[in-house]
Amino acid sequence: MSRLDIKSQDQAQIVVESLYEDMERRVAASHPGLCPVDTAAAFLRLSHGQSCGKCTPCRVGLEQLENLIDDVLDGGKDVTKNTIDVIRTTAESIRDSSDCAIGFEAANMVLKGLDGFLEDYISHVEKGVCASNIREYSEAIPCVGLCPARVDIPGYVSLVLEGRYKDAVKLIKKDNPFPTACALVCEHPCENRCRRTMIDAPINIRGLKRFAVDNSGKVEPPQKAESTGKKIAVIGGGPSGLTAAYYLSLMGHKVKIFEKRKFLGGMLRYGIPSYRLPRERLQEEIDIILSLGVDVELETDISKPEEVKKLKKDYDAVYIAVGAHAFQSLGIKGEDSRGVLSAVEMLRAIGDGNMISLEGKTVSVIGGGNVAMDVARTARRLGAKEVNILYRRRRSDMTALNEEIEGAIAEGCEVVELKAPSRIETDKDGNVKAIWVKPQIPGELDKSGRPRPCDSTAPEERYESDFVISAIGQKIEAGTFDKLGIATDRGRVSADEACIVSKLKGVFAGGDCVTGPATAIRSIAAGKTAAANIDEYLGYHHEISVDVEVSHAKQANRPPMGRIQMRERPSASRRKDFEEIEEGMTLEEAMQEASRCLRCDHFGMGSFKGGREQKW
Amino acid sequence: MVNLKIDGKKISVKKGTTLMEAAEKIGINIPHLCYLEGINDIGACRVCVVENAGTDKLLASCNTMAEEGMDIFTNSHKVRKARRTNVELLLSEHDCLCATCVRSGNCELQTVANDLGILEFPYHWQPERNKWDKDFPLIRDASKCIKCMRCVQVCDKIQDLHVWDVNGSGPHVTVGVAEGSDMQEADCSLCGQCITHCPTGALRERNDIDKMYEALEDPETVTIVQVAPAVRAAWGEGIGLPKNKATLGRMVNGIRKLGFDYIFDTNFTADLTIMEEGSEFLERFKNKENYNWPMFTSCCPGWVRFVKTQYPDMVKQLSTAKSPQQMFGAMIKTYIAKQLGVDPKKVFSVSVMPCTAKKYERGVKQVNDSGYGSDVDIVLTTREINRMMRASHVNPETLKNEEFDDVFGIGSGAAVIFGATGGVMEAALRSAYFLLTGENPDPDAFKKVRGMEGWKEAEFDVSGATVRVAVASGLGNTRKLIEAIRAGEVSYDFVEIMACPGGCAGGGGQPIHEGEEMAEDRGKILYGLDKVNELRFSHENPAILKSYEEFLEKPLGHKSHKLLHTDLTKWDIEVKQ
């Protein structure tokens with residue numbers, strides 16, 4: 001008998017480990033609109049399987065919770081709202097009396113659900129189905145369901161596979177007039193629940209879109225509908241306003257865009273650096289929209305209530321899409337010093353073509369979002385010798401996409417975690433000399449599920465800085481809308497999900513100015529929604545469709561294989577210029593990637609309910 | 001063309017042909033449960049799977065297109081194994097008490113399971129149980145549902161009413177009333193098309209046979225039955241009589257054997273409906289400005305329920321004339337009882353209908369005017385009368401031709417075509433022409449409104465006036481037509497609507513044939529009966545003339561107003577027994 005052994009994994013354990021991974025991917029690929037009560041029951045069963053069985057609440061309690069939730073789902077005749085109360089009491093007792101996390105966390109999950117989707121529990125008891133909001137969210141095609149603009153993703157992926165790039169772009173343009181911009185910068189929520197994840201990894205949808213736009217050549221817009229004689233004013237020439245202008249023009253209406261800045265494009269130009277979205281490619285896309293006969297008035301600020309009212313009088317409808325271009329202040333001492341600027345100001349200046357030189361300077365960037373990464377990387381390109389990204393939480397808590405963080409690091413930026421800005425130190429002339437930060441310690445989780453940053457007992461630290469750039473968020477300049485009585489208490493424009501501003505007839509609003517700072521694709525979706533509802537408001541029902549036929553899906557062998565990732569230019573060379581950093585897929589890569597698509601428009605629920613949407 | 005091999009045989013098919021269709025061309029019938037041509041090709045049951053050499057996964061032959069070079073095996077080891085497993089799995093959720101099922105012997109699941117030789121299965125038997133009001137005319141038994149989704153598709157695609165939906169996710173997925181509503185509140189038309197397209201017994205009409213026997217067995221009760229036009233075109237199918245042997249006379253004989261005291265023909269009141277509705281149309285047509293147009297027929301209760309829930313503002317545009325069933329009911333307990341010399345209190349009035357919605361219609365409180373309870377006491381579907389014949393061990397081979405009872409067994413050719421789409425319109429036009437001109441038209445002058453097209457239109461010149469008519473069957477077509485009327489895109493004077501595609505011939509109460517649509521064939525039988533009838537015009541039916549002379553006085557008169565017309569706006573939608 002040996003006194004000690006080194007335990008090695010046996011075959012069963014190795015396989016179980018890989019099953020954990022399969023299950024993780026499977027859970028990640030849960031499509032929108034699953035019955036939350038059923039999901040709670042399934043997770044509970046999984047949790048119960050982990051029980052060691054020592055303690056009563058976990059061993060027996062979890063099973064009884066399962067039974068009770070099953071009763072709710074099966075709608076037995078003894079089930080009443082009282083059953084829900086029993087579930088709650090039982091779960092609370094399990095939470096409070098379990099010996100270890102296997103029990104109390106399982107109960108916590110049930111309780112979270114009881115609070116989060118109580119109406120579904122009640123609806124199951126009363127009607128035997130989920131509450132309507134869940135059913136409406138139900139989607140047969142996960143990628144389309146998660147794309148705010150509902151772009152026909154399986155459709156264009158299959159067109160890419162056939163080499164029909166022009167058709168692919170045409171199909172995208174049915175729902176989104178910015179295929180190139182989105183091919184380059186979209187945050188691709190479509191990939192989040194891609195069913196292919198169950199096999200290996202999500203399809204690189206954005207990469208395939210990029211392959212389509214890189215190979216399609218110029219795609220002319222479709223024929224406009226007969227002129228209606230209706231005039232629409234669009235305030236704001238960003239992605240949302242331009243999208244609305246595009247579809248409204250196709251519907252035969254006459255659109256005029258009023259843009260405050262020197263150029264159109266909004267945050268696509270003034271928020272996203274050109275190394276991610278080259279200006280000329282953005283301009284090509286905008287020019288196609290304008291080619292439909294959209295009138296534009298640049299450097300026209302519609303900022304007074306009377307001006308909005310006049311537009312309302314002179315036009316048949318008004319679409320407000322002014323975006324969110326005001327910045328949040330740091331709120332620390334010394335913020336007004338020379339050398340302290342906001343990310344919005346810096347990127348706006350560059351968007352207008354005014355490059356500042358940071359040659360040899362030390363720059364501190366405050367924030368952990370994509371904008372923080374953008375300005376940090378821009379600062380390196382403007383010559384900064386040292387860039388520190390100071391963030392009050394941990395790197396893993398950053399809202400920036402991981403590839404953006406890695407890109408910044410690769411380009412020589414330093415990510416400094418857990419440092420909260422405290423004060424700015426200046427020289428006697430009022431120029432920034434340094435930023436002082438307070439080291440943080442991650443505390444309890446807050447509502448966002450991330451640990452709250454708390455002051456640690458460590459002393460303040462000093463980061464020498466010639467420039468301090470704050471990138472802690474944008475907001476909207478809401479004064480005008482407040483005066484018009486159409487602002488929310490958070491300073492946003494008050495519009496519903498149909499982009500209708502209920503307090504002003506004929507006025508619609510969408511994009512960042514309604515939602516707060518969000519993504520390009522959400523703004524585009526708002527522009528599309530507004531176009532449809534403005535058309536209806538004007539008494540029409542123009543349908544947007546496309547004459548592209550997508551081939552019938554085929555069954556094929558689907559062995560697990562690697563996802564094609566996008567490549568970037570080497571960091572050493574790319575950080576010196578503003579040229580695009582990402583490289584498109586090769587033909588070989590694109591074909592392999594496109595062939596991975598499972599065509600959920602046909603297989604699964606797609607063939608029954610919610611196949612491809614041909615028009616809107 | 002696409003070239004492929006199926007079970008070793010080379011075949012060329014058009015691009016876009018499914019593997020199931022391709023196999024059928026060379027005589028290979030691939031078993032399937034959920035597939036329904038043109039309506040449901042969702043590949044859900046996975047019974048029609050086939051193997052393609054080189055492809056790991058099996059292919060659903062119902063929705064996989066034939067492709068160049070495919071090498072398909074419809075019955076390989078892998079296919080057989082999967083097909084059998086899938087049928088076994090469906091059986092594990094299916095209440096296999098076949099002996100107690102209305103669809104036993106006419107059930108696709110039973111057939112497929114038997115064909116595959118499934119004698120036992122290795123799974124837990126766990127049929128889903130559901131709550132359902134068994135007094136409702138349409139009954140869904142979840143324990144028999146195989147989730148083929150045909151009902152959902154038929155109601156969505158053909159009837160555009162969306163009563164059924166898939167509810168829940170994961171293990172709790174089931175078919176149910178959309179949004180979990182109560183069936184009473186689901187705006188169901190009760191057309192019964194979901195029943196006739198269900199592959200199993202999960203959907204059926206309420207069984208009223210037991211009540212029927214009670215009445216038949218009571219020596220004090222006088223049972224009087226009327227038989228709808230479309231029943232005669234289909235009754236033979238349910239007892240295995242071929243078309244040429246399933247004559248009208250044999251049908252009467254078969255029903256007689258069940259013990260009814262009097263057997264009459266709904267054609268009599270179909271003619272009466274024409275007299276009333278035709279006169280009403282002319283009355284409205286002459287005073288156009290007083291009415292909204294077009295005028296609609298009102299004899300189909302599925303359509304009445306549809307218009308009352310979907311377009312309540314248009315109910316007033318429906319003719320106030322009762323349906324032939326209800327006219328007969330009103331006449332049975334008044335004039336007819338008197339003629340027969342029986343006490344109306346003792347009369348039990350029965351109708352045999354190709355229809356499930358008629359079970360609702362007879363229960364509508366506001367439709368009963370005879371003063372003796374329900375004008376129609378019970379409605380039996382064609383399927384129920386077939387079952388009664390089988391239960392009474394009627395040997396179809398021994399049936400003899402016999403006549404309906406006099407005189408309310410007399411019906412014109414115009415009446416018999418009520419059972420086919422366009423028939424009511426054609427019958428009405430024949431008599432309207434006469435009422436306007438005093439002369440009979442050529443009886444086939446209006447045959448443009450015949451045929452299976454879902455939305456037909458025609459214009460006829462009737463003594464100098466142009467009458468613009470339209471005919472729709474199927475509620476999806478109906479909705480399209482009504483939307484076009486409301487949008488001002490079309491305008492008509494008179495419109496016939498039937499809820500079931502092809503009209504009553506394709507009614508929800510007719511015999512069920514898996515994968516076959518029978519309405520057209522049955523309609524042809526009805527047009528054939530019209531052609532050979534000596535009476536081609538409702539207004540020439542001697543029983544009609546006699547009824548007006550002795551009892552009703554004149555169309556739209558006081559008596560007929562009281563007995564033969566109804567205010568549809570007042571009808572309850574709630575279904576009562």
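This report describes a strand, a helix and an interface in a predicted model.

Residues are numbered from 1 along each chain as its sequence is written, and chains are lettered from A in the order in which they are written. Local features need pLDDT of at least 70 and side-chain atom pairs count only at pLDDT 80 or more, whereas totals for chains, interfaces and linings use all residues.

Strand E4 (residues 317–320) of chain A sends A:Ala317 and A:Tyr319 one way and A:Val318 and A:Ile320 the other, and all are buried (20 or more other C-beta atoms, placed from the backbone, within 10 Å of the residue's own). Strands are DSSP runs of at least two residues (E) and helices of at least four (H or I), numbered from the N terminus; two strands pair if DSSP finds at least two bridges between them. The pairings of E4(A) are as follows.

Helix H12 (residues 205–215) of chain A has 8 of its 11 residues buried, so it is largely enclosed by the rest of the structure. Among these buried residues are A:Lys209, A:Arg210 and A:Phe211, and the elements that cover them include helix H8 (142–146) and helix H24 (587–595) of chain A. After H12(A) comes A:Gly217, with a positive phi near 70°.

Where chains A and B meet, the contact (C-beta atoms, placed from the backbone, within 7 Å) takes 16 residues from chain A and 19 residues from chain B. The chain B side comprises 4 nonpolar, 11 polar and 4 charged residues, where Ala, Val, Leu, Ile, Met, Phe, Trp, Tyr, Cys and Pro count as nonpolar, Asp, Glu, Lys and Arg as charged, and the others, Gly among them, as polar.

Methods. Contact = placed C-beta atoms within 7 Å. Buried ≥ 20, exposed ≤ 12 C-beta atoms within 10 Å, placed from the backbone.
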